[in-house]
Amino acid sequence: MSLRVNFPNYRIQKKREIVTFEYSKGGETLHRGYYCPSLVLDLIVGNIKRGKLLKRKPDFGKYSYEYSFNADNRLIRVKGVNEFTTPVSRFDEEFLIYSDDIVLGVEFDNMGHIDVVSKCTYVNGKIVKYERSVCGTQEYADLYYEEYFYENNMLSEVSIFDVTPRIEIYEEQIYKVELDEDSKIVKLIGGFITNGVAEKDVLDFKK
């Protein structure tokens, strides 16, 4: 994939393409909140929630994210509220770039600086890789990476890699996936890999 983007012009162009909005509350600790690309992050990390979509546009201060969609119903911008946000400025913003089976996300902080990038790779409409890296400062640079495996077109396994240079940590996790009849994840079996051996924890999400 060869791609070159002029972000000042791109941001202006994308804002012109917006036709509909959605709003959500909660999910501030998760990438994109309700529309986080990860299939498992909110399941394996305690106290991380996606939040919920709101039925109508709330007053400022009563929502966490504003999602913007184009005429093809593609999510093209995510605006996040932070402690510096006013009703008209200082939002965190992420712009999504679509190129074939790749979706790139470029996140700007409330000062307009690029601080996080992400990449999602799809095959036949199903996500197979989710990568996200903090790039604003060298001290806090890191890489989070998930890879998804499918059997008979159904999610069967997830591998996770997490590199945090600041504290000199590299972690791997692997989980077998069990789904219900609606293809919803109901159980993850696995955990961290130590000396080549994965844990056998069972995370059960059946209600």
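This passage describes the overall build of the protein and then turns to one of its residues, T164. The structure is a predicted model.

The secondary structure of the protein consists of two helices and 14 strands. With a radius of gyration of 18 Å, close to the 17 Å that the globule rule gives for 207 residues, the protein is as compact as a globular protein of that length. The C-alpha trace extends over about 50 × 40 × 35 Å along its principal axes.

Burial and surface can be taken together. Of the 207 residues, 40% count as buried. The accessible surface of the protein comes to about 12,700 Å², and carbon and sulfur atoms account for 48% of that surface. As for charge, the protein carries 29 positive and 34 negative side chains; the centres of these two sets lie 7 Å apart.

T164 belongs to strand 10, which covers residues 154-164. The relative accessibility of T164 is 17%, and because the cut-off for burial is under 20%, this residue counts as buried. Once neighbours within four places in sequence are set aside, T164 is in contact with D142 and I169. Taken as a whole, then, T164 is a buried residue of strand 10 with D142 and I169 as its contacts beyond those neighbours.

Terms used
Residues numbered from 1 in each chain as written. Predicted model: local features only at pLDDT ≥ 70, side-chain atom pairs only at ≥ 80, totals over all residues. Heavy atoms only, no water. Helix = DSSP H or I, 4+ residues; strand = E, 2+ residues; numbered from the N terminus. Buried < 20%, exposed > 50% of the residue type's maximum accessible area, 1.4 Å probe, protein only. Contact = heavy atoms within 4.5 Å. Rg over C-alpha atoms; globule rule 2.2 N^0.38 Å. Areas by Shrake-Rupley, 256 points an atom, 1.4 Å probe, with all protein chains shown as cover. Lys, Arg positive; Asp, Glu negative; His and termini not counted. Charge placed at Lys NZ, Arg CZ, Asp CG, Glu CD.
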